[in-house]
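Here's a quick briefing to read with the model open. Have a look at the structure first, then go through the notes by topic.

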Amino acid sequence: MADCRKPTVVAAGSFNADHDAEALNEAYKDCKANKSVIISTMSGRSLEQRQSIRDAYISKYEKGIIHDLRSQVSDNYCSLLDGLLDDATEFHAKHLHRIVNNILAEGKDVELLEVLFPLSAIERFVIGCSYSELYKKSLLEDIKENISGAFTETIISLLQDEASEESPSSSEIREYVDILAAVTSEEWNPVNNKLMEIFCSSTLVSLASVTKDYKSKTNKSLLDVVAADAADEFRRGFQVMIGAADDIWQYFADQIYESASGPRLNINKLIYIIIFRCEMDLANISEVFQKTYDRSLHDFLRQHCSDDYTDMLLALIGPEKK
């Protein structure tokens, strides 16, 4: 799958950080009239190039690259631009901090699981270090103080334990499949240690092998089993873990769709996914989205996003296929 990844944002072939910094400075004088310059620059450069432009801007004008823009655009637009300029680990850490410290949100344990589970153990460790540097408090400490959902201990295990980077043997996969095939409705519970060991100590690649062999053995999708058998309060957490392992592009397509499934758009989640995947495989996710929901990702964004940041999001997901 890695070899088939299709990003929507790539490095510009002809690039001059000083030129781009000057163009942005001029565009900021009237961002509405010059929004195309801002969009094409920020969505048409790689992270490394965007950060070079940021550094050139600071050197030339002795202020932050979006300092003059903040008073002209919405907070969500600023959040989107900040995310496009952050180092990857800081980007994840800031998103996690927003979830942990959102006093209005329910189900924060599952929201954290949605972010942390698709990452490798090494990625989670590095992001945790970045979190501590940014907020002078460990991510684990913050979670223990602010999160109390059913999957809190699962999240703590993910952050404390190291998933094996070695591929499991055929016998280990068969053992995991046998355990999952024997799980009763009551046992789909995050306090089931034997069950949670499978999810928390395995890589996504290992779990993908398990879900595939489970289907071969039982002629059932593990996602379908969880949807039918797990209790309401546990179902979503298990769907996150199984879905991420089963098909990562489908997983993020569903996550994007679900960002608008509540009473209001979860813009932080939407921005996070688009920035996270735009230089990796967002085109693949967009294709899966269209196949699953019978509409383009562009149509989806146009329907649910109506603020000043919409055109930037549309640019980040790439040209619309007719």
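Contact here means heavy atoms within 4.5 Å, and buried means under 20% relative accessible area (1.4 Å probe, protein chains only). Helices are DSSP runs (H or I, at least four residues), numbered from the N terminus. This is a predicted model, with local features needing pLDDT of at least 70, side-chain atom pairs counting only at pLDDT 80 or more, and totals for chains, interfaces and linings using all residues. Residues are numbered from 1 along each chain as its sequence is written, and side-chain values use heavy atoms, with hydrogens and water left out.

**Helix 1**
- In helix 1 (residues 17-27), the buried residues are Ala17, Asp20, Ala21, Leu24, Asn25 and Ala27.
- They sit on the same side of helix 1 because they cover an arc of only 160° around the axis, taken from the directions from the helix axis to the C-beta atoms.
- Helix 2 (35-43) and helix 3 (47-61) are among what covers these buried residues.
- At the helix 1 start, a side-chain oxygen of Asn16 comes within 3.1 Å of the backbone nitrogen of Asp18.

- Beyond four places in sequence, Leu301 touches Leu270, Ile274, Thr310, Leu313, Leu314 and Ile317.

**Ala244**
- Ala244 lies in helix 14 (residues 232-246) and is buried, at 3% relative accessible area.
- Leaving out neighbours within four places in sequence, Ala244 contacts Phe117, Pro118, Leu204 and Tyr251.

Note on methods:
Buried < 20%, exposed > 50% of the residue type's maximum accessible area, 1.4 Å probe, protein only. Helix = DSSP H or I, 4+ residues; strand = E, 2+ residues; numbered from the N terminus. Polar contact = N/O pair within 3.5 Å; in protein donor to acceptor, adjacent residues only side chain to side chain.
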